[in-house]
Amino acid sequence: SREKSQASPKTINPPKSISTGWLLNQLKRTTSLRKTEVKTCEHCVYSSQTLAEVLKRKGGATAFRIFLESEFSDENIHFYLDVEAYKQVRGGRRHKMATKIFEQYLIENSPSEVNIDAKTRAATKSGLASSDSSIFDLAQERIFKLMETDSFRRFQISEFRKCKCSSR
C-alpha cells in the first residue's frame, strides 16, 4: 500500500508553496532546446527601445512625433530632427539654415520655441556666426534629455498598452 501512495517518477509533485525557482526548473525540463523566434509588433519594439534607437528608424520617429503632437510638444522632435538635417548640409546653405532653426525654435516667444535655459540659448546664438555643424549640439542635447526623461517614457507606456502581439 505504501508503494501505491508514492508518486511515479514521471509525475511532478510541486511543493506546497510553489517558488519561482521550482517553476523555472520545470519549464527548463519541459521546453525544447530549440530557440523559437517570437514575433513582436511595432508597439513592442518601440516600448523596448531607447529614444536614440526609435529616432533612427523612420517609422519610429514618425510614431514618436505623432505622440508628441497629441501632447502639444512636437516642437521638440521637430527641432531635434531639423538639427540632424542641418548637420548634413554643406556649403553656403548652412548659415541660412542655422539662422532659420534659431529663429524658429530658440528665439524667445517664437511659435515653436523649445524649452531650454538662457545660457544654452546664448551659447547657441554666439555660435551662429561660425555656422559649423556643432553650434546646436548643446541645445539639441538638452532637448533630447528632456524628451528622453519626460515624454518618451509616456510614449513607451502608450505603445506597450497598444500591444496585442504574442510576445507579451
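Two rings of Phe, Tyr or Trp (its six-membered ring) count as a pair here if their centres lie within 6.5 Å; planes under 30 degrees apart are called stacked, over 60 edge-to-face, and the rest tilted. With that rule, a search of the whole structure turns up 8 aromatic pairs. Bear in mind that this is a predicted model, where local features need pLDDT of at least 70, side-chain atom pairs count only at pLDDT 80 or more, and totals for chains, interfaces and linings use all residues. Residues are numbered from 1 along each chain as its sequence is written, and side-chain values use heavy atoms, with hydrogens and water left out.

Let's start with helix α7, residues 93–106. Helices are DSSP runs (H or I, at least four residues), numbered from the N terminus, while strands are E runs of at least two. At 1.5 Å a residue, the 14 residues of α7 should span 20 Å, and its end C-alpha atoms sit 19 Å apart, which agrees; the expected span is 1.5 Å times one less than the number of residues. Its buried residues are Arg 94, Ala 98, Ile 101, Phe 102, Tyr 105 and Leu 106. An α-helix has 3.6 residues a turn, so residues three or four places apart point the same way. On the other side of α7, Arg 93, Lys 96 and Lys 100 are exposed. Buried means under 20% relative accessible area, exposed over 50%, and partly exposed in between (1.4 Å probe, protein chains only).

What do the buried residues of α7 pack against? They pack against α6 (75–88) and α8 (118–127), with contact meaning heavy atoms within 4.5 Å.

Back to the rings. Phe 79 and Tyr 105 form an edge-to-face pair, 5.5 Å centre to centre with 65° between the planes. Phe 79 is in helix α6 and Tyr 105 in helix α7, 26 residues apart, and both are buried. Tyr 80 and Phe 144 make a tilted pair, at 5.8 Å and 35°. Tyr 80 lies in α6 and Phe 144 in α9, so this pair ties together parts 64 residues apart in sequence. Tyr 80 counts as buried at 14% relative accessibility, and Phe 144 does too at 16%.

Finally, helix α9 (residues 137–162) bends by about 45° at Ser 151, the bend being the angle between axes fitted to the seven residues ending there and the seven starting there. Ser 151 is among the buried residues of α9, as are Phe 152 and Phe 155. Ring pairs link Phe 152 and Phe 155 with Phe 64 and Phe 67 into a cluster.
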